[in-house]
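Here is a brief report on how one fold is put together. Please keep the sequence and the 3D view at hand.

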Amino acid sequence: ARMETHSLLEFGAEAARFAQSLSPRAGEATVVALSGDVGAGKTTFVQAAAEALGVREIVASPTFVIMQKYELPQGPFVRLIHIDAYRLKETRELEVLGWWELIADPGNLVFIEWPEQVSGLLPSSSQKVTLMGDGDSRTITYDPAA
């Protein structure tokens with residue numbers, strides 16, 4: 001499924017809708033793989049999703065720490081995990097951060113930016129979200145449809 005947004009407000013509202021449409025999977029985390037060029041809005045998408053799920057802290061891009069965790073105040077997920085794989089040189093760098101444990105926990109909703117860097121680690125059930133465009137107009141593509 002593909003959709004267009006024409007303002008930051010619309011883009012945020014779509015990210016919120018998407019986040020609220022997700023529900024936990026049996027026996028594994030829900031993984032959202034966010035692709036798009038620099039400036040396409042990946043972090044903005046996660047920020048709006050996090051806010052919709054009740055995160056009150058400022059969600060900053062975890063470019064330098066690789067991973068941030070946020071407890072969610074109410075269900076259906078227990079925590080949101082935001083990963084930026086841009087600086088990872090090898091998949092082992094993500095594995096040492098506890099990747100396998102993270103994705104085995106159905107309470108986790110994992111958003112990963114630059115998933116291309118660690119494609120071999122992503123579960124086949126991952127929801128792919130591709131962002132294109134900049135400024136006010138963006139195209140969001142969901143695979144599978146969401």
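## Edge pairing

Strand β1 pairs with β7 (residues 137-143) in the antiparallel sense, over four bridges. The model is predicted.

## The sheet

Seven strands form an open sheet. Their order is β1-β7-β6-β2-β5-β4-β3, and the pairing is mixed. β1 (2-5) and β3 (67-71) stand at the edges. Each has a single partner strand, so one side of each is left without a neighbour in the sheet. From one strand to the next, the twist averages 20°.

## Helices on the sheet

Helix α1 (residues 8-21) lies across β1, β2 (30-35), β5 (108-113), β6 (127-134) and β7. Helix α1 runs at about 15° to β7.

Helix α2 (residues 42-52) also packs on the sheet. Helix α2 touches β2, β4 (79-84), β5, β6 and β7. The direction of α2 makes about 165° with that of β5.

## Nonpolar cores

The largest nonpolar core has 26 residues. Which of them touch the most other members? They are Phe45, Leu80, Phe111 and Val129. The elements giving two or more residues to this core are α1, β2, α2, β5, β6 and β7. Helix α2 gives the most, with five residues.

Take Phe45, leaving aside neighbours within four places in sequence. Phe45 is in contact with Phe11, Ala15, Phe18, Leu34, Phe111, Val129, Leu131, Ile140 and Tyr142. Another core, of 19 residues, lies apart from the largest one. Its members include Ala33, Trp99, Ile112 and Leu122.

Notes
Residues numbered from 1 in each chain as written. Predicted model: local features only at pLDDT ≥ 70, side-chain atom pairs only at ≥ 80, totals over all residues. Heavy atoms only, no water. Pairing = 2+ DSSP bridges. Axes fitted to C-alpha atoms, helices over the stretch in contact; angles between N-to-C directions. Contact = heavy atoms within 4.5 Å. Core = buried A, V, L, I, M, F, W, Y, C linked by side-chain atoms within 4.5 Å. Buried < 20%, exposed > 50% of the residue type's maximum accessible area, 1.4 Å probe, protein only.
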